[in-house]
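User: Hi! Could you walk me through a few residues in this one?
Analyst: Happy to, here it is.
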Amino acid sequence: MRFAKAAIAAILVFLFQLIVVGRFAVAGAAPDIMTILVVVLVLDMDPVLAVVTGFFLGFLQDLGNASFLGMNALAKCLVAWGVARTGGGLVPESVPFRAALVFAASIVNDIVVLVVTTGFDVPLILVSFFRYSLLSALYAAAVGAVVFVLQGEIAGRMVRAGGRR
């Protein structure tokens with residue numbers, strides 16, 4: 001059941017990223033909501049499921065650019081593994097901390113993508129990082145904070161209405 005929920009969420013997030021998110025870009029930077037989903041899956045479900053979902057999302061993302069096939073799959077897997085290793089069971093339930101985790105995950109994801117796409121060209125990596133990656137990570141952290149607040153509100157309502165989750 002968890003795998004089915006994660007697969008449905010992954011497909012919906014992938015379609016939302018493709019169709020909607022680009023329209024809300026700020027100064028050319030848009031949040032990577034697939035990274036947010038990977039962080040949510042690691043923190044609230046199963047880290048292994050998050051790595052598998054991250055690979056699946058990254059692979060779908062890579063299908064749009066076959067010359068770097070596997071790059072986003074690797075980045076999302078590394079993000080899921082890293083969040084699970086650093087935050088597994090030790091992450092406070094606070095929204096700001098989780099948003100900071102989304103920020104860090106977005107930075108790691110972008111560094112992997114920049115290193116591969118620029119062919120290790122350090123000046124180009126630095127320019128792209130400071131021009132797009134930081135703003136995109138801040139944007140993703142803000143969106144992630146909204147997602148975590150909504151997630152908490154929905155979980156609270158479900159507990160109050162039924163007496164259990």
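Analyst: First, a term: buried means under 20% relative accessible area, exposed means over 50%, and partly exposed is in between (1.4 Å probe, protein chains only). This is a predicted model, where local features need pLDDT of at least 70, side-chain atom pairs count only at pLDDT 80 or more, and totals for chains, interfaces and linings use all residues. Residues are numbered from 1 along each chain as its sequence is written, and side-chain values use heavy atoms, with hydrogens and water left out.
User: Thanks! So why does Ala27 count as partly exposed?
Analyst: Because its relative accessibility is 49%.
User: And where does Ala27 lie?
Analyst: Ala27 is in the loop between helix H1 (2–19) and helix H2 (33–44). Helices here are DSSP runs (H or I, at least four residues), numbered from the N terminus. Ala27 also has a positive phi, near 55 degrees, and is not a glycine.
User: What about the phi of Phe120?
Analyst: Phe120 isn't a glycine either, and its phi is positive at about 65 degrees. Phe120 sits in the loop between helix H5 (95–117) and H6.
User: Is Phe120 buried or exposed?
Analyst: Phe120 counts as exposed because its relative accessibility is 63%.
User: Switching topic: where is Phe129?
Analyst: Phe129 is part of helix H6, residues 122–162. Phe129 counts as buried because its relative accessible area is 15%.
User: Which residues does Phe129 touch?
Analyst: Leaving out residues up to four places away in sequence, Phe129 touches Ile107, Ile111, Leu114 and Leu134. Contact means heavy atoms within 4.5 Å.

How values were computed
Helices (H or I, at least four residues) and strands (E, at least two) are DSSP runs, numbered from the N terminus.
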